[in-house]
Every structure is written in structure tokens, then in C-alpha cells.
Amino acid sequence: MTAEALRGPWYRQVSRRQWKSLFAAWIGYLLDGFDFVLITLVLTEIADEFDVSAASAASLVSGAFITRWLGGALLGAMGDRYGRKPAMIASILLYSLGTFACGFAWNYFSLFAARLLIGMGMAGEYSASATYALESWPAPLRNRASGFLISGYAGGTILAAELYKWVVPAWGWRWMFYIGVLPVFVALWVRRALPEAGDWREEVAASGAARPNPFRPLFTGRLGYLNAALAVAASAALFCVFTPLGAGWRWPLSLLAAGALLAFAAQLGGRRGWLLYVALMCTVFCAFLYSWPIQALLPTYLKTELGYAPSEVTDAMFYAGFGTMAGCWLAGFAGDRFGTRRAYAYTLLASLCFVFPVFAVRDTLVGLGVLLFCLLALSQGISGILPKYIASHFPTESRAASLGFVYNTGALGGAVAPVLGAHLAEGMPLGQALAVLTSGLTLVVIVLVGADVPRRLGRLVDPELTGDHLLRDRPLPADTPG
């Protein structure tokens, strides 16, 4: 990379190899978004075929969240120990296999089980691809890398919505899941010749020291068997909480799962970092609670309350998905220009102007589409820099595992959100329930991120807690011919 390029436009500061790395990670996120949101588009069809309530159908969305903490932890640890690339490939294989299995489901529980596999793969995709993309790009442009990367997820939702109007009316909902396995070959082809992430290659692979094992403290020594039992108990408890098996025991089971996950966070963070881990988990939990009611139940709202046909649902979801994608791109530029936290907080504050108007529009698809575009660009699009925000708290040698565990444990908010939205809708219109959840939790996240609450709390037990680990610059690798 020449000195002239470094002084030129930002895109000239990124080498061809770094663009290729980002594109490969982006493809993985595109497929991830496609596979993950299929269930939201066909909830009403599934509820009719399996004769389940709206709340039970919504819990199928939750199914992919309850294994995310485990998938993020295991595949994140794999990324720290063996490299980001192997973890990326393992992740996409997991969620593609889970998607294919959904098409063969014979009842509610078999479909729920397939969603568990999707959740593990998606969690690994987030931790591995996010760290890979961030560590491959120049430090001053890593908000941009984060925003570009997460826009792939929104692109996947658009692709899924476009297929929905053609596939489901003609062939039924199962074919959406059969098709969901095909693009995996594209991602594997793109990723096969990629270089390893720069930060990991320079700080871990080339160091000559023993490869990190972030979870050694959990499963070795005197606490190893206890933690293994806790992991099983947490997984079983979460499964029961979000299925009819836990009826009457949901609060005790929820407390058991929360206690086990907090115990893991405290051990992973150690004496000086446990509070930072817990605070970040709570921040992500609230972020999913404000964002996933709309992401999970918007198609159901359009079909049940507004009476939209499949083609109209596709049009509305196109506005929403493209708004999210555009918002992710803009979030990356805003984060690099104004700082991650400031961009995050002010963008979320602006999104509140559109929450209630979205659910007030009923007679015009175009008007609803424009409002959805604006709302999703601001409220969902800003999540494009969430990987940068979280990863900045952790050093390279433990970044993938820490990001994977913290983010995907907090993502349980996405499991709670659709079920909570469906239950609230039993006492009020679904649109009103979605608006109340979104606006209230958005305000909480504004405070947590804008006031830098996780880092401030972390410094109560670790006064030497450093700033942004991702702002450390390093020499840019030269382009290779071809």
C-alpha cells in the first residue's frame, strides 16, 4: 500500500485482499439472513398446518436463539484457537443443514429442534465473520467494515421475501427451507482461498506461543464437571421455557438459565472483567428486545391485521430490508466520522420519530413502505456497527470467543421478543404491542450505549480497563497480483 493511497479516498486505503475478505464474510451474512428469517415469513402457514397458537408459532423464532450462547461460545473459541476461517466454514455448514432440516419437520417439536441447529450456526457466523472482517480492515475504517458486513444480513431478508411470493403460493412453505440450503456452495467456494484475518495471524498464529483456549477455565479443574452440568441445565431450561413443555415452570426455569449464564460470564471475565461481560450481555439483550419484535412479527402483522396478500407482504418487506441495508452502510460511515457510541445513540434517538407512525398507516402500501424504510434504516441499520462496538472491548487473543459468548447470550432477548410481542397482542392490537416494545427498549439502549455504561461499570472492578482495542493500527498488507 503506497503513501499516496493512504492519503487518498478511504476506499484506496483498503487493499484488494481486504475487499475480498469482506466480500466473503458478507456472503456468509447474506445467507445467514436468508436462512434465519424464512421462519418469520411462514409463521401463519406453519401455525395452520401444525394447529398451534400464535404464541407457540412465534416461539419457533425463539428456538434459534436459545442455542446461540453455546454456538457463539464454542465456535468463537474455535476461531481464537484455530483461526477465523475454519470457524466461519463450520458455522455456515451448521445453519444450512438446520435450514434444510426444517423442510422435513413433521410437527412443532421437530421444527423447533431444527431451529436449534440454525441458532448454533448463526452464532458462530456472527463471532467468526465479524472478527474476521474487522481484523482484516484498516483500524480507522472498522466501523465501515462492520456496517458493510451486517448489511449482508438485510440483503438476505430481502432475497427471502422476494422468493416467498413465488415459492409459497405455488409449492408451499417447506420449499422455502429446501431452497435455503443451496447457496451454501457459493459461500464455501468464495471462502476456500481466503487469507487468514490480519490481527489473528500477526498476534496469535505468528507469536510462537501456545494457541489460546478461552474456555479452559470453565471445563478444567475442580469446576469442570459443575460447569458442564450447568451448560446442560441451561440448555434444557431454555428449551422448556420456549416450548409448551415448560408450562407452569417458566419463571423458575428462566432464573436457572440466567443464573448459569451469569456464572459462565463471571468465570470468563475473571475477577477484573466479569462486570464488563455482564453489562455488555445486558446491553445486547435490550438491543434485541427493541429490534426483534418488528423483525420477527412484521410479516404476521401485515397478513393478519392489515390483510396483505403474499405479494404485498413481499413489497413491504423489501422496503424494510433495503432500509436496514442502507442504514448499515450509513452507520459505518457515521461511526468512523463521529465515533461508535455517539453515532449509535443519536441514530436510535432519531428512529423514535417513526415507530408509532409505522403502525398508524393502514391504507397505503407506499406510505407504509417509506415509513418502514426510514424506521429500519435508523433502528435496525445502526446495528451494523454493533459488532465493532462489542469487539472493541476485547483483545485479539480472546476476541472471537468473548464476542461470541457476550453477543449471543444477550441475543436471548431475540428469543423473548416475539413471544412477548405475541402475548402483549392478546390484550391489544399487534401493531400497538410492537410499537410499545420497540420504543420503550430503544430508550434503554440509548442510555446504555450513549453513556458508555458497560465500560464505566467495568472500571469499577478494573480501574485499568483500556479503551478501544480495535483502534490499534497496524501496517496494511500489500496487494498480491491477481
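**The pocket and a helix pair**

Mentor: This is a predicted model. Its largest pocket is lined by 29 residues, and those nearest the centre are Val-241, Phe-242, Ser-254, Phe-285 and Val-416.

Trainee: What volume does the largest pocket have?

Mentor: The volume of the largest pocket is about 840 Å³.

Trainee: Which elements give two or more residues to its lining?

Mentor: They are helix H4 (54-63), helix H13 (224-241), helix H14 (250-304), H20 and helix H21 (412-424). H14 provides the largest share, with 12 residues.

Trainee: And how many residues of that lining are nonpolar, polar or charged?

Mentor: The lining has 20 nonpolar residues, 8 polar ones and 1 charged.

Trainee: Now the helices. At what angle do H7 and H20 pack?

Mentor: Helix H7 (residues 108-136) meets helix H20 (residues 399-410) at an angle of about 135°, and their axes are 9 Å apart. H7 is therefore oblique to H20.

Trainee: Is the crossing of H7 and H20 left-handed or right-handed?

Mentor: The two helices cross in a right-handed sense.

Trainee: Which residues make the contact?

Mentor: On H7 they are Ala-123, Tyr-126, Ser-127, Ala-130, Thr-131 and Glu-135. H20 contributes Arg-399, Ala-400, Leu-403, Gly-404, Tyr-407 and Asn-408.

Trainee: How does the contact of H7 with H20 divide by class?

Mentor: It has 6 nonpolar, 4 polar and 2 charged residues.

Conventions:
Residues numbered from 1 in each chain as written. Predicted model: local features only at pLDDT ≥ 70, side-chain atom pairs only at ≥ 80, totals over all residues. Heavy atoms only, no water. Axes fitted to C-alpha atoms, helices over the stretch in contact; angles between N-to-C directions. Helix = DSSP H or I, 4+ residues; strand = E, 2+ residues; numbered from the N terminus. Parallel < 35°, antiparallel > 145°, perpendicular 65-115°, else oblique. Left-handed = near helix turned anticlockwise from the far one by under 90°. Contact = heavy atoms within 4.5 Å. Nonpolar A, V, L, I, M, F, W, Y, C, P; charged D, E, K, R; others polar. 1 Å grid on protein atoms, 1.4 Å probe; cavity = no way out; pocket = protein on both sides within 12 Å on 5 of 7 lines; lining within 4 Å. Points joined across faces, edges and corners; volume = space filled by probe spheres on them.
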